[in-house]
Amino acid sequence: PSEANRRRVTILGSTGSIGTSTLDVIEQLGGRDAFEVAALTGSGNIALLAEQARKFGAGLAVTADEGRYEELKQALAGTGIAVGAGRSALMEAAAVPSDWVMAAIVGTAGLGPTLAAARRGADIALANKECLVTAGDLFVQAVAAGGGRLIPVDSEHSAIFQALEDDQRHAVERIVLTASGGPFRTWSREQMAGVTAAVARAHPNWSMGLKVSIGSASMFNKALEMIEAKHLFDVRPDQIEVIVHPQSIVHSMVGYRDGSVLAQLGCPDMRTAIGYALTYPDRPELNVERLDFAKLARLDFEAPDEVRFPALRLARTALERGGIQSAVMNAAEETAFHAFCDGRIGFLNMADIAEQVMDDMTGFGPALTMDEVFAADAEARRRAAEIVAKKEMAA
Ligand code: NAD
Ligand code: MG
């Protein structure tokens, strides 16, 4: 394509696991000849952000870390690439005109910038599940009002998106989310109680950022994905099933009312889902490993254990209660996750804290505006931090 025809893309969270895979896909599909990188954002890794911005000739590079502005500016001196730092610069990066935005900032920090991109009508490739868990229908409405498309990147939701027949939505009976079961799939609660973040982050199949890796070990990631599925595919909570599938080859499935089940399979590599989101409805030519069925030989499935992995039960509770409960669950767990990584609380405390804050906040009404969503999120974080401090004192 000529300069003028290049697809304009923005990557929020370009320095992370999803972000670097996204740039790899962009490189595979023609790099600067095919894509104009409007903006890239990162946080701590300034050297990588600057390297990416130079390589892809980004229009703007932003670090979320306010204090690192000078460092980024120096790293990009003489390139003509605009630089920014801090919260408002992140919002600017989201607002720069582009056709497609990869939302790959981790955690609730991604909500504001992703919303800004959605409101201006960009197609949103959604890796950041927290947007839907926290803001739910308000987020979906913002995308619809902006006029862009919402394309899932989470491997399970990409699989479902691919297995959904557009004109047969009414015939969908159930969504089956597969879960690897993580590193503690066969462990007892007693064994899990003492693990450190370094142990919990070692995922058997996928290479991912810290938050998702720990979330796979606790199955809290699957809890978020159940809620994500509800908003993406407009299904009732009782239509969402979770099945443990240790090989992570079947990425998820859709069951129809005639008994048919359609699945999407592939090697555990996020670049397939990222590529699909980038060129949808086309399938791009990608250099990723192909499935070798003879080598695989078998695929295993087992029912999840909600006693050892209470996060799944919490997701059901949040879905049943509705309102701000999933935002509360997410915010409390994110706070507990940071405390766990800092060695302040144990692995099993993360779900305890989320559950307690959820129970304590049942009296709160639904959030009707984004301000109310942010208020509920902040209140849940405050309460979770209080419980963390108490547990720490008791320990
Ligand atoms: P990561 O930790 O590897 O990268 C996170 C990115 O966000 C980095 O670019 C980082 O600089 C940036 N960031 C961190 N804190 C920030 C803040 N406060 N403000 C702005 N930017 C900040 O995470 P990841 O594994 O790439 O995951 C990104 C998102 O994608 C998450 O929401 C995750 O749930 C989702 N996701 C990831 C995978 C995976 O395989 N990694 C799979 C499915 C979904
Ligand atoms: Mg996933």
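**Notes on the predicted model**

1. Among contacts in the protein chain between residues at least 6 apart in sequence, 68% join residues at least 24 apart; a contact here means C-beta atoms, placed from the backbone, within 7 Å. This is a predicted model, where local features need pLDDT of at least 70, side-chain atom pairs count only at pLDDT 80 or more, and totals for chains, interfaces and linings use all residues. Residues are numbered from 1 along each chain as its sequence is written, with chains lettered from A and ligands numbered from 1 in the order in which they are written.

2. On overall build, the protein chain has 17 helices and eleven strands (DSSP runs numbered from the N terminus: H or I of at least four residues for helices, E of at least two for strands). Its radius of gyration is 21 Å, which agrees with the value near 21 Å for a compact globule of 395 residues (taken over C-alpha atoms; the rule is 2.2 Å times the number of residues to the power 0.38).

3. Now the inside. Buried residues are 50% of the 395; buried means 20 or more other C-beta atoms within 10 Å of the residue's own, exposed means 12 or fewer, and partly exposed is in between, with C-beta atoms placed from the backbone. The largest nonpolar core holds 122 residues, and Ala61, Ala103, Ile124, Ala125, Val328, Ala332 and Ala336 have the most contacts inside it. Helix H15 (residues 325-341) gives the most to this core, with nine residues. A nonpolar core is a set of buried Ala, Val, Leu, Ile, Met, Phe, Trp, Tyr and Cys residues joined through C-beta atoms within 7 Å.

4. Next, the domains. The domain assignment, which is automatic or from a database, gives domain 1 (3-152), domain 2 (155-267 + 289-310) and domain 3 (322-395). Eleven residues of domain 1 are in contact with 13 of domain 2. Helix H6 (residues 130-146) gives the most to the domain 1 side, with five residues.

5. A cis peptide bond runs from Tyr280 to Pro281, with omega near 5 degrees. Pro281 is in the loop between helix H12 (270-279) and helix H13 (293-296).

6. Two residues other than glycine have a positive phi: Asp234, at about 55 degrees, and Ala297, near 65 degrees. Asp234 lies in the loop between helix H11 (220-233) and strand S9 (240-244), and is exposed, with 12 other C-beta atoms within 10 Å. Ala297 is in the loop between H13 and helix H14 (311-321), and counts as exposed with 7 C-beta neighbours inside 10 Å.

Conventions
Two residues are in contact if their C-beta atoms, placed from the backbone, lie within 7 Å.
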